[in-house]
Amino acid sequence: SELTNQIAAGEVIERPASVIKELCENALDAGSTRIKIDFIDAGLKQIVVQDNGSGIAADEIDLAFMRHATSKINTNHDLFNIATLGFRGEALASIAAVAKVDIVTNTGDVNGIHAIFEDSNKVKQEAIASPQGTKIVVKDLFYNTPARLKYLKSERTEIMKIVDIVNRLALGYPQVSFELTNQQKQLLKTTGHDDLRQTAANIYGIKVAEKMLAIYAQSPDFKIAGLISRADDTRSTRNFITLLLNTRYVKNYRLVQAIVDGYGTRLLKGRYPFAIVKIDLDPLLVDVNVHPTKQEVRLSKESELARLIVRTIDQALGATEH
Ligand code: ADP
Ligand code: MG
């Protein structure tokens, strides 16, 4: 029902940044190399996400907007072996429950599909000439859920959350060009040249990026790679630490603490580094099914990984001190 849809939507779509995260993740899962995002009024009036990915076939549009419909899990086994960012089949249905959605999508034919969803119902579908890929326009977010609107923070904070999530996605996918604008005013643009340092420069500025140290380590279970700032290039919050598990930006207090611990006494009290730490591991070791937004994860062998992170960072910093 409409109400069930709205309640479930609240778990996935907390704020405008959640819409942008989910739409970008879909674009990435669809193999896009270019993703353009624009928003108006902190995303409440309008969010546009345009990609050049695989597109959605005409006969799969309805399914894509149905709750628990996902094209990404076929067997039981897949549930425990997740390679794509999405897999719950909740995002599009949730967004369509709390906003008006206008989609143009094309799988590479002359004509694609234009469809409009309102209150979870499709109110229009027509053929339309369009480039390959998908453009989704989300309008009037939370117009039908006033409680959600009240819970939102200031416009400034909501914009910061949007910029933050796009930054993290861009760091996870340096091979993809991201362009984020606020009513056409540019906030972020990455080249998509598959160069993490360049992406870091696009986000944190060239001064920070050029001084960052490359880290690398491998164990039977984990591969660690990334860039970390020197101990004198720091900030007063942990927000510039990005942990990526199999390219997915995740929140895990223990592993972020391991990054900080790797600096040990080199860090002044209350200071935190810039760090982009990418960890590749067997998806079987990660449980991303802890929370609907998939941002908090549980790990088997977490202590082992934490120790490896501490050691890798300590050694990288130590190698520069003679
Ligand atoms: P999930 O990502 O968990 O599968 P979503 O609700 O986010 O669920 O998306 C539903 C389905 O719609 C996806 O499985 C995918 O097949 C299709 N889809 C959504 N967005 C895109 C996109 N930008 N490009 C191609 N296919 C898409
Ligand atoms: Mg998705």
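This report covers the domains, sheets, helices and core of a predicted model.

## Domains

The protein is split into two domains: domain 1 spans 2-189 and domain 2 spans 211-318. Their C-alpha centres are 28 Å apart.

## The 8-strand sheet

One open sheet is built from 8 strands, ordered S5-S4-S3-S6-S2-S1-S7-S8. Its pairing is mixed. Strand S5 (121-129) and strand S8 (185-189) form the edges, and each pairs on one side only. From one strand to the next, the twist averages 15°.

Look at the S8 end. Strand S7 (residues 177-182) pairs with S8 in the antiparallel sense, over 4 bridges. Within this pair, Glu 179 stands opposite Lys 189 of S8.

## Helix H7

Helix H7 (residues 155-172) lies across strand S1 (34-40), S7 and S8. The helix runs at about 170° to S7.

Several H7 residues are buried, including Lys 161, Ile 162, Ile 165 and Val 166. The run from Asn 167 through Arg 168, Leu 169, Ala 170 and Leu 171 to Gly 172 is buried too.

## The nonpolar core

The largest nonpolar core holds 86 residues. Which members touch the most others? They are Ile 20, Cys 24, Ile 95, Val 166 and Ile 309. Domain 1 and domain 2 each supply at least three residues to this core. In soluble globular proteins, nonpolar side chains tend to be buried together.

Val 166 is one of the H7 residues that are buried. Beyond its neighbours within four places in sequence, Val 166 contacts Ile 20, Cys 24, Ile 37, Phe 178, Leu 180 and Leu 188.

Ile 20 sits in helix H2 (residues 16-29). Ile 20 has 24 C-beta neighbours inside 10 Å, so this residue counts as buried. With neighbours within four places set aside, its contacts are Ile 37, Gly 43, Ile 47, Val 49, Ile 162, Ile 165 and Val 166. Ser 130 is 110 residues from Ile 20 in sequence and 22 Å from it in space, C-alpha to C-alpha.

## Ala 93

Ala 93 belongs to helix H5 (residues 91-98). Is Ala 93 buried or exposed? It counts as buried, because 21 C-beta neighbours lie inside 10 Å. The cut-off for a buried residue is 20 or more.

Outside the four places on either side in sequence, Ala 93 is in contact with Asn 5, Phe 65, Met 66 and Arg 67. Phe 117 is 24 residues from Ala 93 in sequence, and their C-alpha atoms are 9.8 Å apart.

## The 5-strand sheet

A sheet of 5 strands is also open and mixed in pairing, with the order S9-S10-S15-S12-S13. Strand S9 (213-218) and strand S13 (248-250) stand at its edges. Each has a single partner strand, so one side of each has no neighbour in the sheet. The twist averages 20° from one strand to the next.

Leu 245 stands opposite Arg 248 in S13.

Helix H11 (residues 302-318) lies across S9, strand S10 (222-228) and strand S15 (275-281). Helix H11 runs at about 40° to S10.

How values were computed: Residues numbered from 1 in each chain as written. Chains lettered and ligands numbered in written order. Predicted model: local features only at pLDDT ≥ 70, side-chain atom pairs only at ≥ 80, totals over all residues. Domains from an automatic or database assignment. Core = buried A, V, L, I, M, F, W, Y, C linked by C-beta atoms within 7 Å. Buried ≥ 20, exposed ≤ 12 C-beta atoms within 10 Å, placed from the backbone. Contact = placed C-beta atoms within 7 Å. Pairing = 2+ DSSP bridges. Helix = DSSP H or I, 4+ residues; strand = E, 2+ residues; numbered from the N terminus. Axes fitted to C-alpha atoms, helices over the stretch in contact; angles between N-to-C directions.
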